[in-house]
Amino acid sequence: MIVKQVWTGNAYRNFNYLIACGETGEALAVDPLDYEKCLAAAKEAGWQITQILNTHEHRDHTGGNAPLAQRTGAKVLAHRNAKDKIPEMARGLAAGEVIKVGRTVELEVLDTPGHTMSHVCVRSHTDQPALFSGDTLFNAGAGNCHNGGHPDELYKTFSQQLARLPDDTLIYPGHDYIENNLRFTLNREPDNQRAQALLEELAGQDPNRAYVSTLAVEREINTFFRLTSPSVIAKLREAFPELPENPDPRTVFLKLRELRNKW
Ligand SMILES: [Zn+2]
């Protein structure tokens with residue numbers, strides 16, 4: 001499996017991806033909004049885009065479907081419940097299904113509601129796994145829920161699915177938000193030295209050569225995985241004095257999501 005991260009350079013800071021089979025040169029494009037950059041990257045590598053995967057139905061993820069499909073004949077895959085929202089969709093996906101790319105690549109579908117109710121992440125079957133996490137999990141952050149999502153579902157996705165993935169899982173999110181998100185982490189947990197060090201290292205990074213985190217790193221720097229951290233809880237109780245001393249993780253998650261909306 002070869003992964004090419006394509007930085008769109010747009011105002012929403014979208015990342016698109018090409019996932020290719022090194023043997024056959026067949027490639028799947030993830031959320032190829034900037035289809036021209038995706039086509040150029042595929043051409044440069046000698047790959048043919050045969051499939052398009054939309055992690056979810058938002059326009060900044062699906063906007064390149066039609067022109068890319070027209071130029072390549074690629075089929076569009078997305079969550080099966082997105083079929084009324086993504087007109088180009090050819091295959092509806094459900095949890096546990098496997099998407100094959102060429103001869104060597106297998107991507108397992110995770111049904112990950114929260115940002116929207118028809119969102120998938122995919123996880124590669126490779127020695128070091130990779131997670132293409134769309135707008136569910138960002139570097140040092142979590143997706144918002146105000147365009148068709150639900151914070152309770154997002155919490156369940158984090159706690160019951162993402163938190164259980166292996167530490168060495170590479171994280172490929174749908175947007176480049178790491179710098180701003182690390183500032184949120186430090187706002188919520190000022191003594192998080194790992195987040196502080198990473199912010200100093202990455203501030204002003206070139207998104208064309210973006211840092212790729214792992215789940216182990218996210219567990220250290222992502223507030224939405226740090227629901228039992230004493231300093232996260234202490235700081236949260238400053239904002240919400242009615243919180244008990246040992247709030248349950250779901251409550252912490254929902255309050256953090258609420259604060260992030262206003263931040
Ligand atoms: Zn979205």
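# Reading cavities, a metal site and a core

Q: What is the volume of the largest cavity?
A: The largest cavity has a volume of about 40 Å³. A cavity is a set of points on a 1 Å grid over the protein atoms alone, where a 1.4 Å probe fits but cannot get out. The volume is the space filled by probe spheres set on points joined across faces, edges and corners. This is a predicted model: local features need pLDDT of at least 70, side-chain atom pairs count only at pLDDT 80 or more, and totals for chains, interfaces and linings use all residues. Residues are numbered from 1 along each chain as its sequence is written, and side-chain values use heavy atoms, with hydrogens and water left out.

Q: How many cavities of 30 Å³ or more does a search of the whole structure find?
A: The search finds one.

Q: Which residues line the largest cavity?
A: Lining residues have an atom within 4 Å of a point. Here they include Phe 15, Tyr 17, Val 30, Asp 31, Phe 132 and Tyr 172. Strands β2 (15-20), β10 and β13 (170-173) each supply at least two residues of this lining. The largest share, three residues, comes from β10. Helices (H or I, at least four residues) and strands (E, at least two) are DSSP runs, numbered from the N terminus.

Q: What is the volume of the largest pocket, and which residues lie nearest its centre?
A: A pocket is an open set, with protein on both sides within 12 Å along at least five of seven lines. The largest pocket has a volume of about 470 Å³. Its lining has 24 residues. Nearest the centre lie Tyr 12, Phe 138, Asn 144, His 175 and Tyr 177. Helices α5 (178-188) and α9 (249-262) each supply at least two lining residues. The largest share, four residues, comes from α5.

Q: Which residues coordinate the zinc ion?
A: Donors are N, O and S atoms within 2.8 Å of the metal (3.2 Å for Na, K and Ca). For the zinc ion they come from His 56 (NE2), His 58 (ND1), His 115 (NE2) and Asp 135 (OD), at 2.2 to 2.4 Å. The sequence spacing of the donor residues is H-x1-H-x56-H-x19-D. His 56 sits in the loop between β4 (48-53) and α2 (59-62), while Asp 135 is in the loop between β10 (130-134) and β11 (137-138), 79 residues apart.

Q: Why is the arrangement around the zinc ion irregular?
A: Four donors are tetrahedral if all angles lie between 85 and 135 degrees; four are square planar and six octahedral if opposite donors are over 155 degrees apart and all others between 65 and 115; anything else is irregular. Here the arrangement is irregular because the donor atoms subtend angles of 87 to 173 degrees.

Q: Are His 56, His 115 and Asp 135 buried or exposed?
A: Buried means under 20% relative accessible area, exposed over 50%, partly exposed in between (1.4 Å probe, protein chains only). His 56 is buried at 0%, and Asp 135 is buried at 4%. His 115 is buried too, at 4%. His 115 lies in the loop between β8 (105-111) and β9 (120-124). The C-alpha atoms of His 115 and Gly 143 are 5.5 Å apart, although 28 residues separate them along the chain.

Q: How many residues has the largest nonpolar core?
A: Such a core joins buried Ala, Val, Leu, Ile, Met, Phe, Trp, Tyr and Cys residues through side-chain atoms within 4.5 Å. The largest has 26 residues; Leu 131, Leu 137 and Phe 158 have the most contacts inside it. Helices α4 (151-160), α8 (230-239) and α9 each supply at least two residues of this core.
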